[in-house]
Structures are given as C-alpha cells and as structure tokens.
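Q: I would like to learn how to read the overall fold and the domain layout of a chain. Please go through it step by step.

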Amino acid sequence: MPLTPEQVRADIPLTAKYIYLDNCATTPVPKPVVDAMLEYFYEYCANVERGAYSIASLANERWDLARAKVAKLLLRCDPDELIFTRNTTEGICAFAYALEHPLLDRSGGTFREHEPIIKWEKGDVIAFSELEHHSNIMPWIRLARHVGAKIRVIPFNRETGQIEPSAVEEAVDEHTKLLAIQHVSNVTGTIHPVEEFVRIAKEANPDCLVLIDGSQGPGHMEVDVRRIGCDAYAFSGHKGPLGPQGSGGLFVRREFLERMEPMEIGGGTIADVTTSDYKLRGDALCKRWEAGTPSIACLIGLGRAAEYVANEIGLKRIEEREKSLTEQFIEGLMDIPGVEVYGETEDMSIKAGIVSFNIRGWDSHDVALALDSEFKPPILMRAGHHCAIPACRALGVYERYGGTVRASFHYYNTPEEVEAALRAIRKLAST
Ligand SMILES: Cc1ncc(COP(=O)(O)O)c(C=O)c1O
C-alpha cells in the first residue's frame, strides 16, 4: 500500500507545528531518511573508496547502492553516469567548467590535453531562458566571457509563464553550442516541454549540447533523462526527493563524461599518480568527478529518500496530489480581490506545485512575514526574487513588490492547509 499523506506527515514532525509551503526552497526530511543517515553515523561510519575493513566496505556498498537507487528511481540513467553533487548549482558549475577546460589526462602513455568537448569559435552562441534561476544564468555568463561566445536569451510568455517551443526555435541555430534550460520554473511553476526543446536544439545544430536544470523536477514527477534526450541534467536532493541538504546529482551522458575535465580532482578520482602526471580512473566515470571525501551520510540519505518518494509513495501520486492542491489554491486566490497570480492559472497539465502571487499594496516580504507571525499555525511561504531576478523583472514584480510571494507544495500538504492559507491571504488582502 502506498504511503498516505497522513503517514508522510507522521514522518515529518514539523508538519505538526507549521503549515510549511516552501518546498521549492527545500523540503523537510522524513524520519526514514534521517534514520538511514543515523544508521550510517552509529553503525558503520567509515570513509568510502579507501578502507579494507568491514565497516568501510559496508559504507562503500551502501554509498554505491544509493547511487544505483537514485539513478534508477529519480532519473532513469546508468549509475555510472550520475555524479553525486551537493546541489543543482554545483552540478551546473561542474558542467560549465568542463566546457571551458579540455580534459587533461594520461592516455596511451602520454600526459596531454585532449580534444575539447566544444571547440569555441567566434560567433558561437550560448542560449538560456529569461526564466532561469541565477544558478543557470551566472555560470553561462562567465563561460561566454571566457570563451568569447555570445549569449542569446529566450523570452517566456508573461501570461502563462511558459517558455514556448517557438521561442526556443527562434533562439537556436547552427551557431548554438549550448542550450541551458530549466525543466520546471521555480517562479511560475510551469513544467516545460524539455523533450521538445532538446529536439529543436539538436535539429538546429546536432552538436549543440543541452543541459537541463532539473532542480524542481525529480521527486515531484517521473523523470527519464533518456526520453528527454538531454546531455546533462542537474538536480537537488533536498527538494522534490525529500533528501537532506548537501545532496544532489548531475547526469552526464557517458560519451561526454569520458572526455570531460572534472572541476575538482584529487583523492578518489585517479587510477595512477606520479609526481609529474596522473591517470584518471576509468572504472566508474562518475567518480572521476567526486574528489575527496563525499557527503556520505547525506548521499546514503538521498538513496533512502529516492526509495521513499518513488517506491513508498509513488511519483505519479505525488504529482497528482500537488496538482490538486495547486488547483485549489489558484482557484481560491483568483477569488480574492487585490490578489495577482502569475503564470498559468487554468491548464494544470503544465503546472507543478508552485504558485506565485502578490497582494496589491503589499511588499511580498511583508506578506510572508505576516503569514508567519499573525496566524496559528504559522504559514511559511517564500517571498522575494527567488534567485530569478531577470524573471521577476520580466513579470514586472521586482520593483513593485520585491518579487512575489510563493507557495510550493509537496505530497504531505493538505487541502485544509491550503484553505487556511487562503483564509489568511483573504484577511491580509482586506486590511
Ligand atoms: C530552478 C532552480 N534552479 C536551480 C536552483 C538551485 O538549487 P540549489 O540551491 O539546490 O543548488 C533552484 C533552487 O531553488 C531552482 O529552483
């Protein structure tokens, strides 16, 4: 039997004290995930990839198992193609680094720079959308500066919050070497047709690489990176998957992983080292990119979290539940005079459990503060620019409201919580 929302709430003690509606920023970690981490700390706390003794082997086994679970359940990729990271931001930065620096490695007896993944030329273009999180903008501005590429920004539909395929089509051409684009917007909650974006980019230029910022995808819905067809997909473990902070992943297609320069090198990444050269490991490509001691407990926790969301609740159930809460919330908001709602308000098929709004006459931060301090239980929502200032400027809310107020749901949230939030917003809007 799948876990009910009530059972999940029982696993998340915070739900007894707060109405937590900020799952887009981070999620509370359920007890079974905490227990898996505690078990590591209490029963087999040893480093991985180093020790021969029994608990070191056990730690290694569980860490590898965690990778296998996350790869299979959250992304549907090979474990070898899944680099463990701290979060989405680290994954995107690591990928950007590899596009700037050719692989340096001993091969065929010589230590040399290999062919770069992208041979940057004058006139090359990096494309990303205006809706992106800063973590999927800044690394590309820096890369473009360093390699002399041009940036092309893909606009989004101000009404629906969608990045339309036609806008992607207009932005990509034979000069586009990279398309970096989100799966789900953390501002408008729009689920984008990323499969179509990949197809469009590859049709315009078969050598164009596509990175998907999947920060708001896995754990909230089924994700299949093979079906999407992207070259890289970065996500955070501490959001949809209900894993701990400090856990995340970056999928990179094997053919690129083999030829890409890791951002960090050192312990754990090598097959051999002399004082004048080194050979990177070839047995587990992902581990080339994981220099030094990883965040072992968090990653074992993420493996447990993947099972929890995918096997014990079910990703389809999570998606349906979030859509139904979102629909209820939007319907309620639309009935409150003085409230503006951003993004799609009718077609729930393109909407994740993320809703941005404002109350006219209120700064968004004041709304969030009032929801926390003036109501019992406190209602916790995010306010501000959500690390997406260009998107907030495009929506015209940055200067006017300091951004938006944002409610974001997960499976464990309830219709009663949504009602309580609506009552509170109605009260604030009437004062
Ligand atoms: C769309 C999007 N991209 C990237 C990020 C960055 O995620 P993290 O802080 O886990 O690196 C976020 C965080 O909210 C996000 O919503």
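**Contacts, fold and domains**

A: Residues 24 or more positions apart make up 70% of the contacts in the chain with a separation of 6 or more; two residues are in contact if their C-beta atoms, placed from the backbone, lie within 7 Å. This is a predicted model, in which local features need pLDDT of at least 70 and side-chain atom pairs count only at pLDDT 80 or more, while totals for chains, interfaces and linings use all residues. Residues are numbered from 1 along each chain as its sequence is written.

Q: How many helices and strands does the chain have?

A: Helices (H or I, at least four residues) and strands (E, at least two) are DSSP runs, numbered from the N terminus. The chain has 15 helices and 17 strands.

Q: Which domains does the assignment give, and how many residues of each are in contact?

A: Domain bounds come from an automatic or database domain assignment. Here domain 1 covers 5-21 + 315-429, and domain 2 covers 78-290. Their centres, taken over C-alpha atoms, are 30 Å apart. In domain 1, 24 residues are in contact with 22 residues of domain 2. On the side of domain 1 that touches domain 2, α11 (315-334), β14 (354-359) and α13 (389-394) each supply at least two residues.

Q: What are the extents of the C-alpha trace along its principal axes?

A: The C-alpha trace of the chain spans about 75 × 55 × 35 Å along those axes.
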